[in-house]
Amino acid sequence: LFYPRRNFSVKQVSSFASNKKFTHLIVLMEKNKKCNALLLSHIPLGPTAFFKVSNIQTTDTVPKAGRKTKHNPEVILNNFSTRLGRRTGRFLASLFSHQPQFTGRQVVTFHNQRDYIFVRHNRYIFEENTKHPAFRRTLTADSNDGNQSVASSNTSAVRSKPTSIPAGQKAEPVVARLQELGPRFTLRLRWLQDGTFDPEHGEYEWYHRRKQMDTSRRKFHL
């Protein structure tokens, strides 16, 4: 649910949300009418995280975007390998229900790469691979049950299709296709605080200090 912040502080909004029995609080910051930061807090015990937001594309601007449904999506956490990364990944996953509805075939992916978290929302579908030998044999057998002339033409059509499978790689009988639903954006963790948002007495579990932590391009924190 969206509520305008008005003149309330984040601490006051967090208290209101706790009284209303909300589980999460998301505060969006903007600059020049564009979202550039996000504050995420788990209510009532925390933690609270602050992310920089970039590369935002809404559903209207995603090419060939599909239509979302109300099904609970599956969640994929990819490449969160450190202790901080696993805590951040579980925190992001807590935004969604732990009981996904598989009939909706929707999945939300949080992919960490070089401490940048790429967020994507897709719908998947499984279909038979036309390049797999089992599919070719089934198609040939079905064509033989019908008209002989049609069967011969279908068989020749199947045999005439080139198989572009890389050497040493086996073709899978079933393949998956993705349709992006949107939105898409990128997150960069700036700090993680224990408990709910408290700028005065809050205890920071992790704080990104650029001059001290970004000395090496081969060292990552998530």
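Tyr3 counts as exposed because its relative accessibility is 56% (exposed is over 50% relative accessible area, buried under 20%, partly exposed in between, with a 1.4 Å probe and protein chains only). Tyr3 lies in the segment before helix α1, residues 10-19 (helices are DSSP runs of H or I with at least four residues).

Together with Leu1 and Phe22, Tyr3 forms a nonpolar surface patch of about 390 Å² accessible area. Patch members have over 30% relative accessible area and no salt bridge, and nonpolar side chains are joined within 5 Å. A salt bridge is a side-chain nitrogen of Lys or Arg within 4 Å of a carboxyl oxygen of Asp or Glu. Areas come from the Shrake-Rupley method with a 1.4 Å probe.

## Basis of the model

The model is predicted: local features need pLDDT of at least 70, side-chain atom pairs count only at pLDDT 80 or more, and totals for chains, interfaces and linings use all residues. Numbering starts from 1 along each chain as its sequence is written, and side-chain values use heavy atoms, without hydrogens and water.

## Aromatic rings

Ring pairs of Phe, Tyr and Trp (six-membered ring) have centres within 6.5 Å; planes under 30 degrees apart are stacked, over 60 edge-to-face, the rest tilted. The count by this rule is 8 aromatic pairs. Tyr204 and Tyr207 are edge-to-face, because their centres are 5.5 Å apart and their planes at 85°. Tyr204 is partly exposed at 35%, and Tyr207 is partly exposed at 37%. One aromatic cluster comprises Phe50, Trp191, Phe197, Tyr204 and Tyr207.

## Ser14

Ser14, in helix α1, is buried at 8% relative accessible area.

Notes
Patch = residues over 30% accessible without salt bridge, like charges linked within 9 Å, V, L, I, M, F, W, Y side chains within 5 Å. Helix = DSSP H or I, 4+ residues; strand = E, 2+ residues; numbered from the N terminus.
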